[in-house]
Structure formats: structure tokens, C-alpha cells
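The sequence and the model are shown first, and the description follows.

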Amino acid sequence: MKYALEQLWIDQDPDLVLETIPAVLAWVPGKTQRTSTSPFLFSVEKVVPTGGDRMTVPIELSWDEGALTSRDPLIPDRARRMRSGKTAQREHVTELAAYGLAFVALSVLFPGRRVIGFRKGLPPDLLFDVTPGNLRGIEVAGRTRGGEKALKDIRDGSKNKPGKRAQLIARIDVAEAYLSLWCSSPRVGTFWQVKP
Amino acid sequence: MIDPYNLALGEGGKLKMRATALLAEGGAENRFEAAVLFHAAARAERRALDSLEEVERATSLAAVIEICWCHLEGFDPTGAARVRGEVLEHARGVSADLAGAMSSRLEVRFRRELAEFSRLFHNASALGALRPSGTFIAPTVTERRRVRREILGLLDRFPGIPHLWWAAYRNAEADEEVELAWDSLRRAHRLDPLNPAFEAISLTLAPRVLAQPELSKLLAASFHKIQSRTAAPELCLQYALAEILLAKSHSDPEGLARARLAVDVGQAQQMRRERVRQYLQATRLLLEEKSAGRQPTIDILFRAGLGDVVPYASAKPSPDIVSLMTQGAQQAVSHLADDKLAA
């Protein structure tokens, strides 16, 4: 499926997506010249727990810098600052870029659904229904490298760290939850339905 | 109609996303601006929680975890520590498994940040030594310089702690470095705009640093709060005194009328501090004397219950009453903020 990044302004809340776009521009191309030209192909594994259905959805992400700058002329400068940032900043760039890609995946896989809330202290991060006791949303994470193995570790956890999937299952106040995990090298992602 | 819960949560979400983007762009000023936004997001989350009539325990726990997290993201472990009690209380209302799943992310971060702050604070020995005294102004210039260096060192790592900016203001003002004092005070106020002392004291410092148009704008914004009955008594007091001071230099009957309204609004509220109540009463008496065409004397301080202040105030037989009141009121309001830092 093809998706133009500037389409996010229509599919999602512009105030939320605006902040993630410079990070997507800074993070997705990576450092190597060979793979740094738009479009960027993400192999996204979509998993639905009922019946264990699994399918791979290729998302071909592209952007038109002119169209992006017509929305916000500061985007190229902000992307440049994020690209050249120090280590402490890079963590935030990865985080923001993963939110941006989650917005893209939500718009592609669930057309019409819009994120209306954002939480950082506890999962899920992006909420499309904030009804108290009945939250619906997406938990997001990104890794610069490690591919599917790194994403699996985030999902299932390790000896000392609980997985995000188990945390979401334990939450009785969350009615519907997805895991949206991204890696920039290699470019893979998962959109895992955790509940119901 | 959009319900207030959704509205406040939506607003908080946007503030957090913007703040995260500022952190990703890097730079010291962006870190401070991000801290301001995270503090605003914490207040939005609080408004969302307060707007609910009936709250499930898991919902209130989620809300206070998010508020606590916003303080941590906003480089303010002391703010997070204040909310931590609520997290522990609300966690007792849900199962241990659920509480663990909800707060595990917070726990790790909270402990790390608090340990880091404690380590840095205990290394700041000159600042730490002042703490039991209830004030963060060191007695000598040399000591104040050292305290300021220590405060700025802490702020470099934790630029979101409003009371550290307040302490920076207090020390800079004591050394007559008004530009630095103003910058520190404004930062404290931007991080915590609901703190009545930060805003009220801005009115006493502003005439020394702001040009007339900016000063008028600041006074107009304060008067708007007074008219809409949303100004705290401390702000009402400092506003009234600022108008009286301005009226001294150029006759302005409208300014005195605004001062009278400020006193009315201030006195109609409950006071946190007896001294603030007494200075508001003294201001009322001073305005009455002026409108009767009489020269106010020190008697108004006695009549307002501030007799104990007089013997220490001035050795002159007829001291400048307005200046005495301005200094005394500033001290009374400042103590409100100093208390937050004291042991």
C-alpha cells in the first residue's frame, strides 16, 4: 500500500501529526545513502489474535517536501536539527518517528480512526477512545536496529523487563489495544492486536 | 458539545507531543520550553480527572501516574515526588497485578530521577546548609555567588523545578542583579503559573526591568484576573501596591480605583497567611486616607494589626509609608514560596 506522509494532515489530528513529521524525515532514511531516497518500504506484520491471523502488509511511505513545507515551513530545519542531534536527543527522535509511523499504520489499516489523546506515563500511548475505564489505543515503540528480533523483545519482554503485550493484557481499563513497533534498519514494523 | 474530560485530555496530549518534539530538536532553551509544556500538560491531566463525577479506581490511578510522569518528563522530580503519594494511595484501590502493570514504567523512572536529584542536591552543600533556615538567600555576597552557582548547576540538569528558579531569583535580587532576577522569576512563573507568589512578586520587580508598554500590559493582565475574580489575595495585594506606587509618580485617580477593587477582591477571599490579610487591610486604610485627602501615616500599620512590624521597620520619625508597606508585603508574599523549599 502506498501512503504519502502529507496525507496524515487529513487522516489524523494536524496538531498531533505536525510534531512527528520532522522526526519521520530524520529517522526513516537512516544514515546510508543507498537506502535514503523516498519511497521507503516498510514490511508491516499485521497480527490479529482471534484465530491467530497474520498477514504482511507492505507500506510504501513517501513524501513531497514541498507539500510538507506548505503546511509548515519549519519542517526541513526541524528535521535537520533532529538528524544532527546528540545521543540524548536521538532517543526522542526515534520515539517521535515511531509515533508518526503508528499514525501512518493506523490510517492505512483502520481508515477513519483518529487519535485523540496521547499519554506517556503508561500504555497505551496513542488513544482513539478515551472513555474512562474503556480505553482504546496503540502502544508504540521504535528501534534503530535489530529488526524483527528487537521488536519481538519489546513485545514479549525479557528476564528483567516485562513485555508490552503482557502489560496491556493486565489493564482492565483498556478495552482495545494494539502494539505498533518499528525498526528503521531493516525497515520492518508490526501492528499487533493485543485485545480484544 | 465537547465534554471537558475529552477537551482537557486532548489539550494535554498535544502539549506533550510538542514538548517531546522540542526535546528531539535539542538545546538548553528547548529543554526549558519542553519543561513548561509538560507542566501545562500535567495541569490539563488534573483538570480532566477533576471533571469526572464518578471515577473508577483504575482511571484515577492512570491519571495520577500520567501527572507524575509529566513532572518527570518536565525535569521536575520534586513535582513528581509531590504526586507520588497520590499514586501510592490510588494503587491501593486496585489489584496488585493491575497496579504493577500500570505503574512499572513510572516506578523505574521515578526512582532513577529522584536518586539523581538527591545526589546533586546533597553535593550542593551551600544551598543545602540554607535549607533549615527557611530562606535560600545566603547572608554574604560571596556565599550568595556560591549558592547561585549551585542552583544553576541543579537547574542545568533539572530546569523544570520552579522553586529552584525562585531561589535563583531571590539570590539575584539580593545582589541587585535585576535582569537575572527577572529572568529567573519569569521562568518560575511560567513553570507554575498557579503559584500566587510568583505572579504577585513579578508586579514588584517589573517596574525595575520593564519598559512602560510591557509594564502596562502586565498590570492589565493582572487587573483582568482581579476583575474576573480569579486573582489570588497575594496578587490583589501586590497589584494594589503597584498602582499606589505608580499614582505617586503621576496622579491617576483611575489607578487608585483599580487598587481599591483589588483590595476588595483580595479581602473577599480566604487567606493562607495572616500577614497578607493584614497588609491588604493596611492598603485599604491607606486608600481611604488618600481618598479623604489626608496624608497616610504609620498609624495605618498599627490599625491593620501590623504594630509588631513598626519597631523594626524604620528609624525615621516619619518613614515613607508606601515604601514600608511595599517591602513588608513583598516579604510576606515571598515567604509563601520560600516555605516550599524549606525543610
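## Terms and conventions

A residue is called buried if 20 or more other C-beta atoms lie within 10 Å of its own, exposed if 12 or fewer do, and partly exposed in between, with C-beta atoms placed from the backbone. By this count Asp15(A) is partly exposed, with 14 other C-beta atoms within 10 Å. Asp15(A) belongs to helix H2 of chain A, residues 14-27. Between Asp15(A) and Ser84(A) there are 69 residues in sequence and 24 Å in space, C-alpha to C-alpha. Helices (H or I, at least four residues) and strands (E, at least two) are DSSP runs, numbered from the N terminus.

The model is predicted: local features need pLDDT of at least 70, side-chain atom pairs count only at pLDDT 80 or more, and totals for chains, interfaces and linings use all residues. Residues are numbered from 1 along each chain as its sequence is written, while chains are lettered from A and ligands numbered from 1 in the order in which they are written.

## The sheet of chain A

In chain A, 8 strands form an open sheet with mixed pairing, in the order S1-S3-S2-S8-S7-S6-S5-S4. Strand S1 (2-4) and strand S4 (117-118) of chain A stand at the edges, each with a single partner strand, so one side of each has no neighbour in the sheet. Two strands are taken to pair if DSSP finds at least two bridges between them. Strand S6 (residues 135-145) and strand S7 (residues 174-185) of chain A run parallel and are joined by 10 bridges. Within this pair, Ile138(A) stands opposite Tyr178(A) in S7(A).

## Cis peptide bonds in chain A

The peptide bond from Pro123(A) to Pro124(A) is cis, with omega near -5 degrees. Pro124(A) lies in the loop between S4 and strand S5 (126-129) of chain A. A cis peptide bond also joins Lys195(A) and Pro196(A), where omega is about 5 degrees. Pro196(A) is placed in the segment after strand S8 (187-195) of chain A.

## The overall form of chain B

Chain B has 17 helices and 0 strands. Its radius of gyration is 22 Å, close to the 20 Å that the globule rule gives for 343 residues, so chain B is as compact as a globular protein of that length. This radius is taken over C-alpha atoms, and the globule rule is 2.2 Å times the number of residues to the power 0.38. Along the principal axes, the C-alpha atoms of chain B fill a box of roughly 70 × 55 × 35 Å.

Of the 343 residues of chain B, 47% count as buried. Two residues are in contact if their C-beta atoms, placed from the backbone, lie within 7 Å. Among contacts in chain B between residues at least 6 apart in sequence, 60% join residues at least 24 apart.

## Helix H11 of chain B

Helix H11 of chain B (residues 212-227) has 16 residues and reaches 22 Å from its first C-alpha to its last, close to the 22 Å expected at 1.5 Å a residue. The expected span is 1.5 Å times one less than the number of residues. Leu219(B), Ser222(B) and Ile226(B) are buried in H11(B). They cover an arc of only 60 degrees around the axis, which puts them on the same side of H11(B); the arc is that of the directions from the helix axis to the C-beta atoms.

The buried residues of H11(B) pack against helix H10 (196-209), helix H12 (233-249) and helix H13 (253-267) of chain B. On the other side of H11(B) are exposed residues, including Pro213(B), Glu214(B), Lys217(B) and His224(B). Just after H11(B), Arg229(B) takes a positive phi of about 60 degrees.

## Positive phi in two loops of chain B

Phe75(B) is not a glycine, yet it has a positive phi of about 55 degrees. Phe75(B) sits in the loop between H3 and helix H4 (77-91) of chain B, and is buried, with 25 other C-beta atoms within 10 Å.

Glu176(B), also a residue other than glycine, has a positive phi near 65 degrees. Glu176(B) is found in the loop between helix H8 (162-174) and helix H9 (178-191) of chain B. With 9 C-beta neighbours inside 10 Å, Glu176(B) counts as exposed.
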